[in-house]
There are 4 protein chains.
Amino acid sequence: MEKFYGVIPPMITPFKENGDVDFDGFVSNIHKWNKDKLTGYLVNGSNSETAYLSEEEKLELVRLTVENAGNGRHIMAGTGLESARETIRFTNTCAKLGVGSVLVLTPCYYTNAMNSGAMIRFFTEVADHSDIPVLIYNVTKFTHVNIKADAISELSRHPNIVGMKDSNGDVPQLATFLRVADPSFQVMTGTFGAWYPALALGTTAIISALANCAPNEIAEVQELYDAGHLERSRDLYQRMFPVNSAVTGDFGISMLKYATTHLGYTGGYVRNPLGDSSPEEQAGLDKVLQKANIL
Amino acid sequence: MEKFYGVIPPMITPFKENGDVDFDGFVSNIHKWNKDKLTGYLVNGSNSETAYLSEEEKLELVRLTVENAGNGRHIMAGTGLESARETIRFTNTCAKLGVGSVLVLTPCYYTNAMNSGAMIRFFTEVADHSDIPVLIYNVTKFTHVNIKADAISELSRHPNIVGMKDSNGDVPQLATFLRVADPSFQVMTGTFGAWYPALALGTTAIISALANCAPNEIAEVQELYDAGHLERSRDLYQRMFPVNSAVTGDFGISMLKYATTHLGYTGGYVRNPLGDSSPEEQAGLDKVLQKANIL
Amino acid sequence: MEKFYGVIPPMITPFKENGDVDFDGFVSNIHKWNKDKLTGYLVNGSNSETAYLSEEEKLELVRLTVENAGNGRHIMAGTGLESARETIRFTNTCAKLGVGSVLVLTPCYYTNAMNSGAMIRFFTEVADHSDIPVLIYNVTKFTHVNIKADAISELSRHPNIVGMKDSNGDVPQLATFLRVADPSFQVMTGTFGAWYPALALGTTAIISALANCAPNEIAEVQELYDAGHLERSRDLYQRMFPVNSAVTGDFGISMLKYATTHLGYTGGYVRNPLGDSSPEEQAGLDKVLQKANIL
Amino acid sequence: MEKFYGVIPPMITPFKENGDVDFDGFVSNIHKWNKDKLTGYLVNGSNSETAYLSEEEKLELVRLTVENAGNGRHIMAGTGLESARETIRFTNTCAKLGVGSVLVLTPCYYTNAMNSGAMIRFFTEVADHSDIPVLIYNVTKFTHVNIKADAISELSRHPNIVGMKDSNGDVPQLATFLRVADPSFQVMTGTFGAWYPALALGTTAIISALANCAPNEIAEVQELYDAGHLERSRDLYQRMFPVNSAVTGDFGISMLKYATTHLGYTGGYVRNPLGDSSPEEQAGLDKVLQKANIL
């Protein structure tokens, strides 16, 4: 598999007020994103409120993504479940629907037991039995597990594990993963907050919540960097940084959905236990969007 | 619903070497526990590796528990999923199978958003739609969420929320929950490490991993306390304490299963990503069991 | 040295508005406390803002405590500094002034290096060279170090280490320390939040911030317990619990000083970087004091 | 004050086997460093075991630094103590000895009270009364306090607060500080692990433990970057990265001293509670140094 270049949105899942998935809104977002500077789509990632979906809903979202994604766009599906057995089953169900790769969350329930041995045991078994390439998803703020360099070093040499999304924004750790991993293994950042430094370190792709509402600005940071306009790239990164912080903070998803709606897509409602953003939070976000000059 | 008095084991799920659930072993454990000093059974708790089970497997375990539990024993099923919607659906499926109550884990995926507002929103909706009584399950070492006193105070007044299992071992917090909750609401400890102090504070029931392998000793701590033999109760608590630490430490479940087998039940294998205990760990546990004089 | 029985206040240090130590206020507090149900005094503890004092100020506070403490009251001085060398020097300076024992904070600056080896190395050297008995002070919320059972087990056998103050409120850990320590070693709780369970576990003394403003109520919890009035003891503990929470919360010391003033002692100002409590915080505390019925 | 450009070592303090400061060794290090590519010296930083020194020792180290530093090299002294009052006193004592600036640690003892209000209150008072420019020192792994962007934004506008050392290696946070601070305020990284990304973000100076033993390599990363040889700069950064990890890990200072000795300087012993490195740790470090090709 070739390495990714560019921006992949971890697509939000819009809900209706009654809590049903708004599949039409989801599809209309894809059609809009098809015109944006994007490389592919991640369906059923953290920003999709995947933890809140039934398996049937997840599969329908995968089907709709495969059906509606623009030509040549890569489709990645989040399929991580806590056990290797369940992850393999769900991964291969998604593979049959036509996705190109799967992004598998580090298991995390028994936090203290999730050491490098557990990571190697889990991802090796999943990759051994997955019909399509596997990427590792490391996001400590949700899982409270942080995969270590020794596990990445070993797993990066598995022929069916092709890369990872590291959403921690820990740039020295990103540098470490880049140093210890097999050259064939792709280390991607999973947060816009690390995008410019990650480009400087040599990464070439990003899967970021912000790509739901500001995909082109993220792509332009990379275009400018690769064209040698380092200062302009950095300035754009700094200009967009507060927007990213606002949509990925403590009440991230409701704010991300509000911003996404504000910028012309379909955000929709969140699912309980999440709550909708307050008028004060929305007014705060409006200011951030204005200051970033992206309205 | 009357308050519980006594000991409830969060039953382990034995697996075969090939990873299948060993349903026969599970049933044989229940038949043995039927002769122990137990008040009821928790099926699909944390110690059941529930996170690693398919929904079909979970339902089969519920059915077998209902079928095999001794006369008069209460059956509680763990049914917490991350969204209220999914939790309600699964709760009522279990209710139809004949369980007496459900133990619902605090949702935890978007950790920082899981404030008291989210807890109240989630448990209220679940309890509003649950066909059987709901208990709250707080276990911060796995969820990284710690429900707060204001949420317990409010939720304890919901007519369909009857109690909680607090597995944190934070005794001042337990005292706080006991103080702020509605008198009808039952606060139970979820760890033997807090059992003697919890009795002193007025709790009357425990759901503890240790009850898988040493149920009667846990019951005797309470019998002695309630008979006014405080010192003997405390001595037994202190004698069993290291056993509890050994089976609920970092590699808890594999060690718990080893001890359970050692003490005459069917422990079985764990599921990947968990790994089996090493000979060194097992030798260490043997010493702890000998020192506690329970072999 | 005999074991302590009863209540020891970690005395606050009142400051004047200009930041100078209010030595007169300090002495007047001792004279009032001399009439309360107290066993001794701790000078230069955490609640004394010791970290904010010059060495000269600390020594003057020790001198004044020795001079003014009531007959038969034990005087303990906090003397922990980060290195064994400095701690020994300061400990023996205080010893010459007539204090009866020293309470030595766990060193903590290089947090991750402060393992059991470091604890044993440090406290052994300090105790080897201290002219008076040494007690260990464990308070993780300030130090971010938590001394382990293996270190307590070993250090409790040193002839010049006579006990510890554990301020974590972690009752299962307290039970562990009581179990592994030499019988001659005294485990005291350092927070009222754990007082009733600690009594149940067999501890006989407490050093608690709350003793600055409500010493007699703390003593009465113990008197009731020891007289066999368990329920009345527990009720008083629960009644005073919210007061303790209010004066030891995030902005602890300014609130503790406000409450101390409110209850007839001299609280005084705090030192920068601490800030004085706000009118809203004070109004909140007034309500807590009223509800606890101790005004 | 002009902004710094280049590398400043936070100088280690060599101790003799009996625990005395090895002042001769300290001076001989300065004479060697005078020939290295360094911009200045930090005396009494975290790597100096400052927490373990008496005030007299600290002042002697300052005097010796002033006396022996090479021509034109800036001298910065660590002077942070927990209270503003003590910090001001010690800062101005050091100022009289001829240091050019002071690096002031965030106060941290009452962790939860150390919010932005406390930071602003503390640093404003210190800077108001300091005779020389003040820099803020943020190092969460030791202090467990992390200064926030709002505090940096405000403090960076104080005429006598000229910059900060951020040792967290949190590169998105570094980008934030660079964005919100007054342009006159200098944000420096305090760890080599963030050096290359920090250069990419526009910082121009570093104060790093590694500069004790590998100063020229750190300087060369910057020289290469500024000459436009981005890839060579990054390669050197990646080559030296494991050395930095080895000398700043959990047992950092004893390993840093071992490496410093190994590379021709005087490392010396550490002070209790720190322990000397084990033969195994030393053998591990030898391999890291060989692999980095700097022996």
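Q: Why is E49(C) called buried?
A: The relative accessible area of E49(C) is 0%, and the term buried applies under 20%, with exposed meaning over 50% and partly exposed in between (1.4 Å probe, protein chains only); E49(C) therefore counts as buried. This is a predicted model, in which local features need pLDDT of at least 70 and side-chain atom pairs count only at pLDDT 80 or more, whereas totals for chains, interfaces and linings use all residues. Residues are numbered from 1 along each chain as its sequence is written, chains are lettered from A and ligands numbered from 1 in the order in which they are written, and side-chain values use heavy atoms, with hydrogens and water left out.

Q: What makes N293(D) count as exposed?
A: N293(D) has 63% relative accessibility, and because this value is over 50% the residue counts as exposed. N293(D) also has a positive phi, near 65°, although it is not a glycine, and its place is in the segment after helix 12 (279–292) of chain D.

Q: Why does E231(C) count as exposed?
A: Its relative accessibility is 56%, which is over 50%, so E231(C) counts as exposed. E231(C) belongs to helix 10 (residues 230–247) of chain C, and its C-alpha atom is separated by 17 Å from that of A292(C), 61 residues apart along the chain.

Q: How do you know that K165(B) has no salt bridge?
A: A salt bridge is a side-chain nitrogen of Lys or Arg within 4 Å of a carboxyl oxygen of Asp or Glu. For the buried K165(B), the nearest side chain of opposite charge is D166(B), at 9.3 Å; in this count Lys and Arg are positive and Asp and Glu negative, while His and the chain ends are not counted. K165(B) is therefore without a salt bridge under the 4 Å rule.

Q: Which residues is K165(B) in contact with, leaving aside its neighbours within four places in sequence?
A: With contact meaning heavy atoms within 4.5 Å, the partners of K165(B) include L103(B), I136(B), Y137(B), N138(B), M188(B), G190(B) and I207(B). K165(B) itself is part of strand 6 (residues 161–166) of chain B.

Q: How many residues of chain C are in contact with chain D, and how much area do the two chains bury between them?
A: On each side of this interface 42 residues are in contact, and about 3,500 Å² is buried between the two chains, 54% of it on carbon and sulfur atoms; buried area is the accessible area (1.4 Å probe) that two parts lose on being put together, summed over both. In chain C, the residues that lose the most area to chain D are Y109(C), Y110(C) and N272(C), together 22% of what that side buries.

Q: How many residues of chain B are in contact with chain C, and how much area do these chains bury?
A: Here 21 residues of chain B meet 21 residues of chain C, burying about 1,600 Å², with 62% of it on carbon and sulfur atoms. P172(B), R179(B) and Q238(B) supply 31% of the area that chain B buries against chain C, more than any other three residues.

Conventions
Helices (H or I, at least four residues) and strands (E, at least two) are DSSP runs, numbered from the N terminus.
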